[in-house]
2 protein chains.
Amino acid sequence: MHVTIKHVAKKAGVSPSTVSRVIADSPKISVATKKRVFETMKEMNYQPNIIARSLANRVTYTLGLILPSKDEEVFENPFFMQVMRGLSVYAKQKGYYIMYNYCRSEEEEVETIQHYMDSKWVDGIILTSTRIKDKSVELLMKRDQPFVVIGRPEAQRDKVLWVDNDNVMAMENIVNRLIEQGHRKIAYIGGEQQFTVYRHRLRGYRQAIEQNGIDWDDRLVVEGEPTEQKAYEAMKQMLKIINPDAIVGTDDTVAYGAYKATIEAGVLGVAFAGFNNTPLSIYNNPTISTVDINAEKLGHYAAQVLIDQLEKKTTMERNIIVEANYIERESTLDYVRR
Amino acid sequence: MHVTIKHVAKKAGVSPSTVSRVIADSPKISVATKKRVFETMKEMNYQPNIIARSLANRVTYTLGLILPSKDEEVFENPFFMQVMRGLSVYAKQKGYYIMYNYCRSEEEEVETIQHYMDSKWVDGIILTSTRIKDKSVELLMKRDQPFVVIGRPEAQRDKVLWVDNDNVMAMENIVNRLIEQGHRKIAYIGGEQQFTVYRHRLRGYRQAIEQNGIDWDDRLVVEGEPTEQKAYEAMKQMLKIINPDAIVGTDDTVAYGAYKATIEAGVLGVAFAGFNNTPLSIYNNPTISTVDINAEKLGHYAAQVLIDQLEKKTTMERNIIVEANYIERESTLDYVRR
DNA sequence: TCACCTGAATTTGCCGATAAATAATCATTG
DNA sequence: CAATGATTATTTATCGGCAAATTCAGGTGA
């Protein structure tokens with residue numbers, strides 16, 4: 001049978017609540033008793049029942065992680081896995097557990113969150129993707145539920161906990177560098193504007209273009225579902241009207257898809273760069289220049305910010321910017337392009 | 001304030017336990033009352049407090065997922081992510097939650113499992129990696145805790161729930177096919193024998209070699225940490241004493257690492273194949289022949305088998321073999337190798 | 001010596017839901 | 001018409017731990 005607080009109490013010759021006090025390290029218990037009770041606990045291999053404790057405390061020490069499941073995206077992109085690891089390592093150290101949940105649509109996301117909140121299963125929630133007008137964020141705000149966003153909500157940015165890269169600057173850096181390398185007709189292939197991350201990256205692209213006094217050219221900008229296939233198709237279309245001399249994509253696969261179209265069309269020597277430092281970028285020939293967004297750190301800090309909030313740390317930071325590093329590889333450096 | 005069973009009872013004009021019975025769909029409640037109570041519940045937006053329910057039931061509807069964190073391995077390999085998705089989809093459909101937990105060593109694994117059990121946090125546990133002599137499996141068996149293994153324990157195989165591929169046959173198939181294609185000196189680069197999966201794959205290799213009347217050659221077999229780097233180094237050594245005409249690796253990156261060494265050594269035309277259908281195998285030039293082990297299905301069935309066990313289904317299957325598909329790509333077919 | 005205080009431990013009543021035991025209602029039947 | 005049984009609903013105790021209220025023991029000071 002399971003060892004409960006009562007068994008420990010009996011064996012140690014005290015009342016159950018004394019044991020409880022010992023666990024909570026209450027100052028009202030004499031050192032002698034504490035020691036005795038602790039010994040009995042160890043002897044009996046006692047572990048508090050978390051469920052019972054949660055019921056009494058209204059605290060579960062569990063965080064709910066919402067993963068969007070835009071099918072393939074989640075697979076090939078190590079982003080989520082890295083985030084999960086960062087979360088796990090920090091949370092474990094702080095004594096928190098993490099439940100994860102794939103949601104195949106925004107509705108399912110909202111439903112899941114609702115359920116988490118109503119059933120009191122989790123103390124806080126972690127979102128890993130944000131739209132400009134995000135229903136999950138709205139719901140969580142309205143219900144005053146602790147949560148953190150990996151990424152950055154657009155509305156009420158200062159009231160929400162978030163951890164993000166500076167995506168504007170990250171993209172600006174790439175484009176500046178490409179311009180420095182002599183490129184002028186730089187194509188941007190990005191995800192939909194409803195997601196904050198892509199909006200930011202486009203902004204960075206725009207700023208770099210403008211700062212360098214290059215004329216804005218709408219024909220070089222494409223937005224859509226950020227997959228290799230779509231990017232490939234988009235570039236095929238673009239090539240009918242204009243030939244870029246470089247490509248930036250909001251993901252490595254996207255940049256690569258677009259690049260493939262240039263190769264097939266016989267447009268040679270196009271430089272290209274992406275985001276996320278995916279296996280593709282390392283193994284591809286040529287290796288692909290990319291931005292390492294430090295997903296593990298994003299996860300780590302997200303857990304930290306949220307847990308601090310839950311434990312009402314006054315010194316806590318509410319928002320954290322994680323550095324992103326541009327890694328130059330063959331695709332934007334001199335190499336023999338076929 | 002939170003709506004509890006009592007509030008609903010009061011408003012519906014019945015006792016709390018009647019509401020509880022309605023929720024449990026007990027036959028002892030009249031249809032009229034059921035309807036009335038259900039309406040009140042909806043009206044008040046009542047959601048049962050899972051914690052309280054768990055305490056009373058001794059059931060949490062939560063599964064604990066143990067992820068080994070052999071650093072890089074987990075990152076680049078989509079295996080775990082796919083397993084997680086398969087688990088999540090099935091579990092959600094059955095009303096179960098999943099907690100995940102990275103463990104950086106076997107000790108941490110055992111510790112985590114111990115904690116899960118003692119604190120009564122989870123109903124069952126999912127293991128994603130198994131050694132020949134697995135401490136986690138031993139512990140779980142000893143404590144009579146429900147669990148399922150993705151992979152296959154060696155000892156007490158018939159007493160444990162598991163879901164696995166037929167790795168012997170999968171590897172046998174590859175090697176048979178390579179032999180059929182005219183290869184004779186096939187190198188095997190695999191993970192350590194302490195892991196069941198690698199033991200099985202080696203067995204498959206051996207069987208294929210023997211069945212085809214090819215002389216066994218120790219020099220062609222290497223076992224060690226299954227990383228690209230180690231495989232590369234191992235092949236460098238091998239090339240000093242023998243030149244294989246084909247390579248099989250227990251992972252795509254392993255096969256690739258070994259292949260790279262042959263290229264660098266100027267040994268041309270070596271075919272190679274791996275496992276896991278990783279992004280590398282798709283994006284590499286040449287594309288790599290590989291075995292898709294259907295990780296998502298492994299996850300799906302693992303959840304199913306475990307949940308069936310928890311719910312004491314008599315018809316349940318205790319073990320499931322998930323098919324593995326060999327995908328032939330350029331690396332083992334005719335193509336111009338540089 | 002008695003009233004009073006303080007520190008240490010115990011009683012008691014929750015937290016919210018469940019289920020066994022009990023009670024109430026109504027219909028059937030000898 | 002009372003007794004019996006079937007059906008439906010309510011009381012009550014419980015899951016394991018927590019904390020407010022309470023009791024108890026011992027020490028102070030008047």
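Helix 2 and helix 4 of chain A, together with helix 2 and helix 4 of chain B, each supply at least two residues of the surface near DNA strand D, where a residue is near a strand if its C-beta atom, placed from the backbone, lies within 6 Å of it. Helices (H or I, at least four residues) and strands (E, at least two) are DSSP runs, numbered from the N terminus. This is a predicted model, in which local features need pLDDT of at least 70 and side-chain atom pairs count only at pLDDT 80 or more, while totals for chains, interfaces and linings use all residues. Residues are numbered from 1 along each chain as its sequence is written, and chains are lettered from A and ligands numbered from 1 in the order in which they are written.

**Surfaces near the DNA**

- DNA strand D is surrounded by 25 residues, and the closest are T4(A), I5(A), S17(A), A52(A) and S17(B).
- Helix 4 of chain A gives the most to the surface near DNA strand D, with five residues, and by class this surface divides into twelve nonpolar, eleven polar and two charged residues.
- In these classes Ala, Val, Leu, Ile, Met, Phe, Trp, Tyr, Cys and Pro count as nonpolar, Asp, Glu, Lys and Arg as charged, and the others, Gly among them, as polar.
- Around DNA strand C there are 25 residues, with S15(A), T4(B), I5(B), S17(B) and A52(B) as the closest, and here helix 4 of chain B gives the most, with five residues.
- The surface near DNA strand C has twelve nonpolar, eleven polar and two charged residues.

**Relation and contact of the two chains**

- The contact takes 38 residues from chain A and 38 residues from chain B, two residues being in contact if their C-beta atoms, placed from the backbone, lie within 7 Å.
- Helix 6 of chain A provides the largest share of the side of chain A that touches chain B, eight residues, and by class that side has 21 nonpolar, twelve polar and five charged residues.
- Strand 2 of chain A pairs with strand 2 (residues 97-103) of chain B in the antiparallel sense over three bridges, pairing being assigned if DSSP finds at least two bridges between two strands.
- Within this pairing, I98(A) stands opposite Y100(B).

**Strand 3 of chain B**

- From strand 3 (residues 124-127) of chain B, G124(B) and I126(B) point one way and I125(B) and L127(B) the other way, and all are buried; a residue is buried if 20 or more other C-beta atoms lie within 10 Å of its own, exposed if 12 or fewer, and partly exposed in between, with C-beta atoms placed from the backbone.
- Strand 3 pairs in the parallel sense with strand 1 (residues 62-68) of chain B over four bridges, and three bridges join strand 3 to strand 4 (residues 147-150) of chain B, which also run parallel.
- I126(B) is the bridge partner of L65(B) and stands opposite V148(B) in strand 4.
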